[in-house]
Amino acid sequence: MAEPAIHTEKLTRRFGAVLAVDGLSLEVPTGTVFGFLGPNGAGKSTTIHLLLGLLAPTAGRAEVLGLETRGHGQAVRARTGALLEHSGLYEQLSAEDNLEFYGRVARLPAPERRHRIKETLNDMDLWDRRHERVKQWSRGMKQRLAVARAMLHRPELLFLDEPTAGLDVLAATALRDDLSALVARRGITVFLTTHNMPEAERLCSQVAVIRQGRLVDVGPPAELRAKVGRPNLEEAFLAMMEN
Amino acid sequence: MRTDLLTVMWKEWKSLFRDRASRTRTVVSLLAPLLLAVYIPFEESARWVTDPILSLLPCIPSVVILVMLIIPDSFAGERERHTLETLLASRLPDGAILLGKVLVAMTVGMAVAVLVLGVGLATVNILHWGDGPLFYSPRVLVTDLVLSFFFAVITAGAGVIISLRAETAQDAIQTLAATLMVPGLLLGMIPPVLLSLRPEWGGVIRRTLGAVGYLQVMAVVVGVCSAVAVGLVVVAMKRFQREELIC
C-alpha cells in the first residue's frame, strides 16, 4: 500500500490561550482529493500552515510526503504547491511574470520554465492574456492563475484553502472543472478546505470535518451522510456541527 | 542561496519599476537631492570635488529617502497586499527573501548616490568649461561612497525591523522617517546648544579636530556606522522568521 501523502498524530497548535488545532490525527491517501471541512475559525488554515512547515506544532507531529514537517519545512514546501486564503499574486506584474517568478523559485531551468508557463496558461485558458497586469483581471481569472502558479512546478501535493470563496457560480464552476481536469491528468494529491459542501461532495473522495480544532469525523462523503442519516453532505455537516 | 537571492531580486526589481506609482514616487523623491547636486556646486564651485562634506549633503539624504521608500513597501507592503504568505509557503529560504529585498533597495540607493555625484560633477565641469576636466579627489569619492553604503544598510535594517511590526507600508514609512529624524535632529541641535552654553568648548573642539587627520575621523565614523549597521542587520535577521511572520 502506498505511503499516505499526509500523516498527522495528535497534531496540536496553541496561540497563547487559544487552542487552534487540538490533537488532530489524520491520514490522507496519496492521489486523492481530500476535503477538510469546518466553520470559520475551526483551525483549517492553521492546519495547512502546520503541514507546510510554516508553523511548528505545540505538540504532536505531522509527516508530509514522508517528511517530518518540523525541521524539513523547506523540503516539504519544495514538493508541494499552495493556494492559501489570498491568491498571493503580484498584481502589478503580468500573469506571465507571476509564473516566471514562481518558476524561478522552483529552480526550473529556463527552457522548461517557458514550456510549463505556456502549458499551464493554456490549460487555464489564460495564454492569450499573459501580458496583462493581473490587477486588471476578475477575481475568477486571478484564482485560476493562482492555481496555475501553485501547479507550475508539478507538486506531488496541492493545498487549496477555499479556492472558490468569493467567486460567482460561473467562475467557481470553471475553476472546479479546471481543478478536476488537472488532478485527473497529473494524478496529484489535493488537500482542499472549503465551505462549499456540494463542491466537497463533487471533488473529494474523502472528507474530514473539524470543529474548534478537533476532528469530528473522517471518511468518504457518502459514508458520513449515511452515518448521520442525511441526504447530502451539507445537511450532514450541519448535523455534525450541532452535536 | 545565490540562485534564490537572484530570484527574489528579479521579482523585487520588476515590482519596483513595473508599478507606475512606485516609479513616480521614486522620481519625485529624487528631485530635491538632484537640485542640491546642481545648486551646491553652483555656489561652491570647485570645492564640490575636494570637500567631502559638500557632496555628502545631497548624497546621504537621497540614499536614505530611497531606501526608506522601498523597504517598507517591500516588507509591510507585501503583507498588506497578501502576497507574503504565499511567498513564505514557497521553498525560498528566509535569508534569501530578506537579503534579496534589502539588496535591491540598497542597490537603488547606491545608484542614486552615484547619480547625485555624477550630476554634481557635470555641473562643476560645465561651470569650469575650458579649465580642463575636474574629478573628485579620492578622499571625497571614498567618503561619499562608504558613508552612503553605511546609511543604506542602517536605513534598510531599521526599515525591515519597523516594517515587520507595521500594519501598512504607509505606517512603516512614517515610523521609519520619525525614527531616522531623531538622531539627525539631535546631532543638528545639541552641538549648537552646547556651544552657546559653553563657548570655550568651540576652541577645544576646533583644536582637537585640527590635530586629528582625515583617516582618524573616518575610522571613528566608519566604526560607529559599522556597529549600528551590524546590530540592525542581526536584529532584522532574527525577526524575519517564517513562524513569526505567519502568525
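Visitor: Which pattern does chain B follow, read along the sequence?
Guide: This is a predicted model. Chain B holds 10 helices and zero strands. Read along the sequence, its pattern is α-α-α-α-α-α-α-α-α-α.

Visitor: What does the C-alpha trace of chain B span along its principal axes?
Guide: Take the C-alpha trace of chain B along its principal axes. The span is about 60 × 45 × 30 Å.

Visitor: Are α3(B) and α5(B) roughly parallel or roughly antiparallel?
Guide: Helix α3 of chain B covers residues 52-80, and helix α5 of chain B covers residues 94-127. Their axes come within 8 Å and cross at roughly 155°. Angles over 145 degrees count as roughly antiparallel. Therefore α3(B) and α5(B) are roughly antiparallel.

Visitor: How many residues in the contact of α3(B) with α5(B) are nonpolar?
Guide: On the α3(B) side the contact includes B:Val63, B:Leu66, B:Ile70 and B:Phe75. On the α5(B) side it includes B:Val102, B:Ala105, B:Val112 and B:Leu117. By class, four residues of this contact are polar and two are charged. The nonpolar count is 16.

Visitor: Is the crossing of α3(B) and α5(B) left-handed or right-handed?
Guide: Look at how α3(B) passes α5(B). The crossing is right-handed.

Visitor: How many polar residues are in the contact of α6(B) with α7(B)?
Guide: From α6(B) come B:Thr155, B:Ala158, B:Gly159, B:Ile162 and B:Ser163. They meet residues of α7(B), including B:Thr175 and B:Leu180. The contact has five nonpolar residues and no charged ones. The polar count is five.

Visitor: At what angle do α8 and α9 of chain A pack?
Guide: Helix α8 of chain A takes in residues 221-228, and helix α9 of chain A residues 233-242. Their axes lie 9 Å apart. α8(A) is oblique to α9(A), and the crossing is left-handed. The packing angle is about 55°.

Visitor: How many charged residues are in the contact of α8(A) with α9(A)?
Guide: A:Pro221, A:Leu224, A:Arg225 and A:Val228 of α8(A) meet A:Leu233, A:Ala236, A:Ala239 and A:Met240 of α9(A). Seven of the contact residues are nonpolar, and none is polar. The charged count is one.

Visitor: What area is buried between chain A and chain B?
Guide: 31 residues of chain A are in contact with 27 residues of chain B. Carbon and sulfur atoms give 59% of the buried area. The area is about 2,800 Å².

Visitor: Which side chain meets B:Asp4 in a salt bridge?
Guide: Side chains of opposite charge can pair when their charged atoms come close. The count between chain A and chain B is three salt bridges. For B:Asp4 the distance is 3.1 Å, N to O. The partner is A:Arg107.

Visitor: How many residues apart are A:Glu199 and A:Arg176?
Guide: The side chains of A:Glu199 and A:Arg176 meet in a salt bridge at 2.7 Å, N to O. A:Glu199 sits in helix α7 of chain A, and A:Arg176 in helix α6 of chain A. The pair links distant parts of the chain, 23 residues apart.

Definitions and conventions
Residues are numbered from 1 along each chain as its sequence is written. Chains are lettered from A and ligands numbered from 1 in the order in which they are written. This is a predicted model: local features need pLDDT of at least 70, side-chain atom pairs count only at pLDDT 80 or more; totals for chains, interfaces and linings use all residues. Side-chain values use heavy atoms; hydrogens and water are left out. Axes are lines fitted to C-alpha atoms, for helices over the stretch in contact, and angles run from 0 to 180 degrees between N-to-C directions. Helices (H or I, at least four residues) and strands (E, at least two) are DSSP runs, numbered from the N terminus. Angles under 35 degrees count as roughly parallel, over 145 as roughly antiparallel, 65 to 115 as roughly perpendicular and the rest as oblique. A crossing is left-handed if the near helix is turned anticlockwise from the far one by less than a right angle, and right-handed if clockwise. Contact means heavy atoms within 4.5 Å. Ala, Val, Leu, Ile, Met, Phe, Trp, Tyr, Cys and Pro count as nonpolar, Asp, Glu, Lys and Arg as charged, and the others, Gly among them, as polar. Buried area is the accessible area (1.4 Å probe) that two parts lose on being put together, summed over both. A salt bridge is a side-chain nitrogen of Lys or Arg within 4 Å of a carboxyl oxygen of Asp or Glu.
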